[in-house]
Amino acid sequence: EFARYDRLLLQSSLDLMADVVYCPRMSCCMAVMVEPDSTMGICPACRYAFCTLCKRSYHGLSHCIATAGKMQDIYTCGGVTSS
């Protein structure tokens, strides 16, 4: 029971830290520290390099490719409506 409490406490603490993101690989999900002014995260466990904005493979200075779900969110939340 203490191990579960300890894990949840760590999880909630990490979630509050602005410089911590999680590895987007479903098999990993390790906490990753991100350098200030950087959009690249490198997972310490699986060594996956990813974009911290779109969570896809790191693409350098190229723009993030929005997923269909994100485009739908932008479309509906941005005030654009279809008639």
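**Notebook: aromatic pairs and core**

I searched the whole structure for aromatic pairs and found two. I counted rings of Phe, Tyr and Trp (its six-membered ring) as paired if their centres lie within 6.5 Å, with planes under 30 degrees apart as stacked, over 60 as edge-to-face and the rest as tilted. The model is predicted: local features need pLDDT of at least 70, side-chain atom pairs count only at pLDDT 80 or more, and totals for chains, interfaces and linings use all residues. Residues are numbered from 1 along each chain as its sequence is written, and side-chain values use heavy atoms, without hydrogens and water.

I looked at Phe 2 and Tyr 5, a tilted pair with 6.2 Å centre to centre and 40° between the planes. Both lie in helix H1 (residues 2–15), three residues apart, about one turn of the helix. Helices here are DSSP runs (H or I, at least four residues), and strands are runs of E, at least two. I noted Phe 2 and Tyr 5 as exposed; exposed is over 50% relative accessible area, buried under 20%, partly exposed in between (1.4 Å probe, protein chains only).

I then took Tyr 48 and Phe 50, a stacked pair at 6.0 Å centre to centre and 10° between the planes. Tyr 48 counts as buried because its relative accessibility is 14%. Phe 50 is buried, at 0%.

I found both in the largest nonpolar core, which has seven residues, including Cys 23 and Cys 43. Such a core is a set of buried Ala, Val, Leu, Ile, Met, Phe, Trp, Tyr and Cys residues joined through side-chain atoms within 4.5 Å.

For the whole chain, I recorded two helices and four strands, in the order α-β-β-β-β-α from the N terminus.
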